[in-house]
Amino acid sequence: MTLIIRQMVENDIIFVQEIAKKSWHTTYEGIIPRDIQDRFLQAAYCNDRLKVRLENSPFLVAIYEESIVGFANFSNVTNGVAELLAIYLLPDIQGKGIGTALLQEGIKILHDLKSLIVCVEKENTIGMDFYQAKGFIKMEEFDDVFDGHIFKTVKLCLTIA
């Protein structure tokens, strides 16, 4: 397995957009209506938003066998705390350790990190299982309004030794 994790560059945007779309449609099928997913993806993953995110926050891509297959975006560290804003892989590449590699690399490059926060849609069982297997602990659960659609969000925290 040839896996490279590196900082995202502008030429990666089109691949990140495609991964976001495919993984969202697979992950949130039956959880978030497709039209709401599409509106979110258009807003959050448009070229301008992605350029700002890659210039202002740690944004990693995973290259597996010469193709970009996943990405992770982190907030900057403030008072020892950062947030994992997004981590997505192409659906058919999950389970190969690539998500773990993205998470570990993010933790490594976030200087002075003491805890990493992530918010997950409660019905996203694949995501919940992934984070709990990595040692994230549930902090709270709350209702989130997402483009008029209400769903349960779980906030998890990983303490960095």
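These entries record what I looked up in the predicted model above.

**Basis.** I worked from a predicted model in which local features need pLDDT of at least 70 and side-chain atom pairs count only at pLDDT 80 or more, while totals for chains, interfaces and linings use all residues. Residues are numbered from 1 along each chain as its sequence is written, and side-chain values use heavy atoms, with hydrogens and water left out.

**Sheet.** I took helices (H or I, at least four residues) and strands (E, at least two) as DSSP runs, numbered from the N terminus. I found seven strands in an open sheet of mixed pairing, ordered β1-β2-β3-β4-β5-β7-β6; two strands pair if DSSP finds at least two bridges between them. β1 (3-7) and β6 (137-146) each have a single partner strand and stand at the edges, so one side of each lacks a neighbour in the sheet. From one strand to the next, the twist averages 25°.

A62 has G70 as its bridge partner in β3.

**Helices.** I noted that α3 (residues 47-56) lies across β1, β2, β3 and β4 (81-89), at about 100° to β2. Axes are lines fitted to C-alpha atoms, for helices over the stretch in contact (heavy atoms within 4.5 Å), and angles run from 0 to 180 degrees between N-to-C directions.

I next checked α4 (residues 98-109), which has 12 residues and spans 17 Å from its first C-alpha to its last, close to the expected 16 Å; the expected span is 1.5 Å times one less than the number of residues. Its buried residues (under 20% relative accessible area; exposed is over 50%, partly exposed in between; 1.4 Å probe, protein chains only) are I98, G99, T100, A101, L102, L103 and G106. Their cover includes β1, β2, β3, β4, β5 (115-121) and α5 (125-133).

Leaving aside residues up to four places away in sequence, L84 touches A72, N73, F74, L103, L116, I117, V118 and Y131.

**Cysteines.** I found zero disulfides, a disulfide being a pair of cysteine sulfur atoms within 2.5 Å. The closest cysteine sulfur to that of C119 is in C157, 11 Å away and too far for a bond. C119 is partly exposed at 35% relative accessibility, whereas C157 is buried at 13%.
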